[in-house]
Amino acid sequence: MMKLAVACGLVLLSSLLAVSSTAEQFDFFYFVQQWPGSFCDTWRGCCFPDTGKPAADFGIHGLWPNYATCHGRDDDAFSIVGRRGKCWPEYCEEEDGNALSPWEIRDLVASLSRSWPTLSCRGGDSFEFWSYEWKKHGTCSNLRPHDYFARALELKAAHNLTAILAGAGIVPSDTETYPMSGVGDAIAAATGATANLQCNRDKDGQTQLYQVFQCVDREAKNLIDCPLHMRSRCSGERAKLPLF
Ligand code: 5GP
């Protein structure tokens, strides 16, 4: 009996170790949303998805596991990202068997189409965008595909950026510019957590708010203050929030 208990304990321990050794050791998620007006208003332009013009609302770009400090350049030659070394994990499962299956997320498709639409001109199928994000980032999240997409939708619904900005008087306009410190303050006040902002330039070279990076715990459930401050073209500037 005693021997059996020890054997069972060993099996349990070894399976726990196996699970923890395959779990991806990132520190937090970036939950990234894009302002569609700023994605479209560049020299590159945009295209609407097959489902039609998305709402004038921030749309999800991705939920990205990230390290708090970049790892050494020699860590893993395959996934070195940039000069600073490897700053996030990506493409964690290489086998074809890990491709996103439409069946697995079938109950989320209507919501994903509204909240995570593609604006790329490479093709109007948002599912391709979701599959790409799953393969590159989701496979490193330690979440099953359904949870990965469901959590992203929950995060967006829990913190409505468009409404938060409107509450601070920051509304889409092609003429107005807004101090980006005001955007950051409004998000921090409404959500209780700091975020990073990313700007881009419109066709005339004017700065516009492009993406908001919120930081999320490893379960993809709760916002946290962003551990890293991204250097972005927004800092210290006024920027547009163009109409869409
Ligand atoms: P990531 O920034 O996640 O590494 O790459 C985004 C990829 O998704 C790019 O290849 C981009 O062409 C594609 N993509 C498709 N639709 C969109 C979209 O609406 N916004 C952005 N930013 N990328 C999109």
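## Where His61 sits

Strands here are DSSP runs of E with at least two residues, and helices are runs of H or I with at least four, numbered from the N terminus. By that rule, His61 falls in strand β2 (residues 59-66). This is a predicted model, where local features need pLDDT of at least 70. Residues are numbered from 1 along each chain.

## The annotated site

Which residues does UniProt list for "active site"? The unreviewed entry gives His61, Glu133 and His137, though such annotations may be inferred rather than shown by experiment. They span 77 residues in sequence, but no two of their C-alpha atoms are more than 11.1 Å apart, so they gather at one spot.

Now for α4 (residues 126-136) and α5 (residues 145-158): they pack at about 110 degrees, with axes 12 Å apart. Axes are lines fitted to C-alpha atoms over the stretch in contact, and angles between N-to-C directions run from 0 to 180 degrees. The two helices are therefore roughly perpendicular, a label for angles of 65 to 115 degrees.

Trp130, Glu133 and Trp134 of α4 meet Pro145, Tyr148 and Phe149 of α5, contact being heavy atoms within 4.5 Å.

Conventions. Predicted model: local features only at pLDDT ≥ 70, side-chain atom pairs only at ≥ 80, totals over all residues. Heavy atoms only, no water. Parallel < 35°, antiparallel > 145°, perpendicular 65-115°, else oblique.
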